[in-house]
Amino acid sequence: MLFAVALTGCGGGSGGGVASGGGGGPAPLAPPAAPASFETAEFFLNGSLDQINAQEAYATGTSGQGVTVAVVDTGIDPTHPDLAGNISPASVNILTNSTIDDDDGHGTAVAGVVAARKNDTNTHGVAFNATLLAVRASNITGTFTDSDVANAITYAVQNGADVINLSLGGPAAGTPNLEQALISAAAAGVVIVAASGNDGNAFTPLFPAAYAGDVRMGGLLLAVGAVDGANNLAGFSNICGNANANFCLYAPGVNVRTTGAGGGNVIASGTSFAAPHVSGAVALLLQLFPSLTPAQAVQILLTSATDLGAAGVDNTFGRGLLDLDAASEPLGTLSVPTSDAVAGPTMALEQTTIRLGAAFGDALGGNAFLSDAIILDGFERPYKIDLGRNVKGAKRDFRLDSLLAHRGTETIDVPTADGLSLSIGVDHRTYYRSNAAGLAEQAAQGPAFENLSAGAALTDSTRLGFAYNLSPGQTAAARHEGSDTTGLFWMSDDSLNPHLSLIGAGNGMSLQQRVGDETRLSFTWLDTADSDRTTRGSVGQAALQHDFAAGGSLRVGIASVHEDGAFLNSEADGAFGAGTESDSRFYSLSGSMPVGDGIDLIGSVTVANTTVDDGGGLLKNWDNVWSGAFGLGVVAQDVFAPQDRLGFLAGQPLRVESAEATLTLPVSRDLDGNIIQQSERVDLTPSGREIDLQIAYQHQLAPGIDVSSWLMMQLQPGHDADAEPGYGAGFKFRVTY
Amino acid sequence: MIRPFVLLASCLLLACSPNTEPGPSKPAAPTREVPPNAVKIADDLYMVPLDQPVEGCPAYRQFSTTKMVNQAIYYRARQGGFTFDRNEAVCD
C-alpha cells in the first residue's frame, strides 16, 4: 500500500495559459473617443451630463450626428452660437410659417439641453451634434393650443424628425387632433418625449405625457419627470402614476445650465429640462446603433435606467433615472452569430470557449483576428469583442496527480491459481460535497470498490488481461519506456507516452503474445465513458518489442486515440464548434541501450497525426495537425547504495508542430440584417517549445520503505516562448506493507 | 417661529385647495380650475406658486385653463415679472 507522500513544488513561468485579450467588456463598433475629447470644462459645467453618465456614451464616439430631434416649443434663437450650426433649415413657426425666433426663451433653453454644440464655449447638450428641427407652436403669450401642437408634430414627422421633444403640457386630455397627431407620429416610428409636468409629487403626468401608457402610442411615447442633482425627486415634478410607470423615466431637471435666448447661458429648472435629456439620449443611441428600431431604442433607455425609489418599476419613479452608460452597454443575452444573418443561429457568448490542451500551448493567444469579432446583445446591437479572451490555454503544470493518484487507494492482490491474477482497487478516501449552507459535508467514505484488473495466461506465451476503471497507463501492455523507469521520474509520460494522458480511466483489455524469447507483441484497447468531455474516448494500441540478448530493447508502437468531444485534450464549445471530436494516430519508437555497468540510455520519440472533425462552428476545416514528443535520458542503478536508482531525463512533452484551421468570425452587421463574416486561415502552433529536465533519485531505506526525490526544471513551460522557466522539487516517502 | 407659520400656512392652503390630493397611492390628474393663489400674467395664463421653494427660491409654474404651457419653473425676476433663469431670480 502506498502510504504517504510529501511533496513540494514551485511553479515558475509566466503562463502557458493563453493571454486574455485585454480588459474591459464588449465595445460598440464605432471607434472609441479619447476621454480628453469629451471630459472637458464645457462638459462639467453642466453637471447633468455627468449625472446621466453621458461621457460613457461619448467614449463610444456617438454625438447624435445624423439624428434629427424636433423641439416643438417657443422657437429657438437661431443666432445663438451654441445652436446655430445644429438647426435644421426646415425649422419653422407653425403658426405663421415664418421665422423661429424665440421671444420667450423656453424653446432655446430646451434645445440647448438636447443639442447645444460642443465648441469649448459655455456648455453643450446631450447630443451635441444632433440636428435640431425647431417647430415653434406657441402664440404670443407662450402658450400652446392642441391644434397648433398637433400641426407641429405632424410637420416634424413629415420633415424627418426621429425624436419629438414636448416640454409642455396641460391638465386635460388632448383634442382628437392632438391624439391623432401623436398616434400618427408613433406609427411613423418617431419617438415622442414629453415632460411629466410641474404640478408636484401628488399628481400624475400632464397631457401629452399622460399618453405614455396608452397602447395606441406603441410604447414610443415617454413621460419624463425631474430629479435634482442628488437624484432626489424634484418637489415640483409630477410622478409617473400607475398607468404610465412602464414608460416613464427621470432625468436632471433642477438648475440645469443651458442656452439662453440672446446668447449665453441660463440656469433652468422644471420637467421641461428633464425631457430633453431623454430626447438627446435617444439621438445618441440611434446614431450609435443605426440598426435599432425606435421602439428598441426606447426599450433600451427604459431597461437600462437606474432604479430609484421602491425596487423595480414603481408608481413614483417608473423605470428610474436615465443612464447613458448602461444604455450603451450590452443588454440581455450576449450571443455570437454563427451565420450571415442577424436572425440566423447564434450561440451564447458565455458558452463560446476553446480550452486548448497542453500540446497547443499558447496557440491563438496572440491572434489579432480574434479581436475583430462582434457579438450581439439582446437588442441585436453589435459589440466588438476580443474572442481571444474565450480561448483558454492549459498550462502543463507541475502536476501532482500522477504521484497522488494512489493516495488512499489500496490495491489488493487476490491469491489465485497459477497463470491467473486478480487485483482489486479499494478506495479509502473520504469525499465531500457542499451542503445547502455552502459548507462541506461528508458525502461518502471508503472503503469502496475502485477498480479491477485481472489476467490469465492462456498459454505459456500468451497472456490476456482485463481492466475495469483503469487508466490507459495502468492497463497492462500499454506502457513502455525502454527501461525500468516506473516510479522513478515525476512526469515521464508527457515525454515518453504522450497518448496515455489523452483519455481517462475506462474499461478494456490487453493481449500479450511472446514470439520467441526476445520478442513481444502486445495489443491494448481501452474505452472510457469519462464524464469529462476532454478525456472521453478510446485508445487502441499495438506494439512490437524486441529485447536484445546483450541488453537493451527496441520497441515500435502505433496507437489510435479517439476523443469523443475533444482534440488533443482540447475542447471547443458554443460558437467555436460544440461537438468537435478527433482521431489521432501516434507512431512511436523507443528503446534502451546499456552503456555501462548498471547504466542504461533510454529514449523515445513519438509523432502523431490528428484528424479533427469540427463541430461546424467558427473554427473549422482543420488540416495538417501534427504533433510530437520525445525524451532522452539515462538511468543508473546501485549508484550510492544497493538497489537505488539515479536518473536524468530531458524531454519535450507533446507539442503541436503544425496545425491550421479556418477561423470565420462575425465582424459587423448591416442595416439589412446581414452579418458580415470574415475568414482567416490560422496557425495553431505554440510560440515556444517546452523542455523538461528532471533528475530523480530513489532509494530503499529499509524493506518496504522507499524514498524518492526529484528536481525538475521546465524551459518555456506551456510551450510559451515568453514564459519564465519553472522549477520544481518533490519528495515521496512510501511504506509498503 | 418660522416652522409653525409654514405649517399653518400649508394647512390653510391644503384646506382651500381643490379636492385633488389623492396621495401617492392614488394620484390623479390636476384640474383645469385656476388655483386661488395664481397670479394672472396674460389672458388665460397664470403663475401658480409652488408649495415648496426650488433650491431655496420661491417658485412658480405656468397654468392655463384651455392651453398647454411650458413646464419650466419660474421665479420672480429682478427686473419685475417672472423668469425661468435662476440667475435673474429674486430669491429673498
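This passage describes how chain B meets chain A, how strands of chain B pair, and where a disulfide lies in chain A.

The model is predicted; local features need pLDDT of at least 70, side-chain atom pairs count only at pLDDT 80 or more, and totals for chains, interfaces and linings use all residues. Residues are numbered from 1 along each chain as its sequence is written, chains are lettered from A and ligands numbered from 1 in the order in which they are written, and side-chain values use heavy atoms, with hydrogens and water left out.

The contact (heavy atoms within 4.5 Å) draws 44 residues from chain A and 30 residues from chain B. The size of an interface is often given as the accessible area lost when the parts come together. Here the buried area is about 3000 Å², and carbon and sulfur atoms give 61% of that area. Buried area is the accessible area (1.4 Å probe) that two parts lose on being put together, summed over both.

One salt bridge links the two chains. B:Arg61 and A:Asp199 form it through their side chains, at 2.8 Å from N to O. A salt bridge requires a side-chain nitrogen of Lys or Arg within 4 Å of a carboxyl oxygen of Asp or Glu. E5(B) gives the largest share, three residues. That side of chain B comprises 17 nonpolar, seven polar and six charged residues. Ala, Val, Leu, Ile, Met, Phe, Trp, Tyr, Cys and Pro count as nonpolar, Asp, Glu, Lys and Arg as charged, and the others, Gly among them, as polar.

Strands (E, at least two residues) are DSSP runs, numbered from the N terminus. Two strands pair if DSSP finds at least two bridges between them. Strand E7 of chain A (residues 168-169) runs antiparallel to E4(B), joined by two bridges. A:Gly169 has B:Val69 as its bridge partner.

Within chain B, E3(B) and E5(B) are antiparallel and share two bridges. B:Tyr60 stands opposite B:Tyr74. E5(B) also pairs with strand E6 of chain B (residues 82-83), antiparallel, over two bridges. B:Arg76 is partnered by B:Phe82. Five residues lie between the strands of this hairpin, where B:Gly80 takes a positive phi near 95°.

The whole structure holds two disulfides (cysteine sulfur atoms within 2.5 Å) over all chains. One of them joins A:Cys240 and A:Cys248, with the sulfur atoms 2.0 Å apart. The torsion about its S-S bond is about -75°, so this disulfide is left-handed.

Notes
Helices (H or I, at least four residues) and strands (E, at least two) are DSSP runs, numbered from the N terminus.
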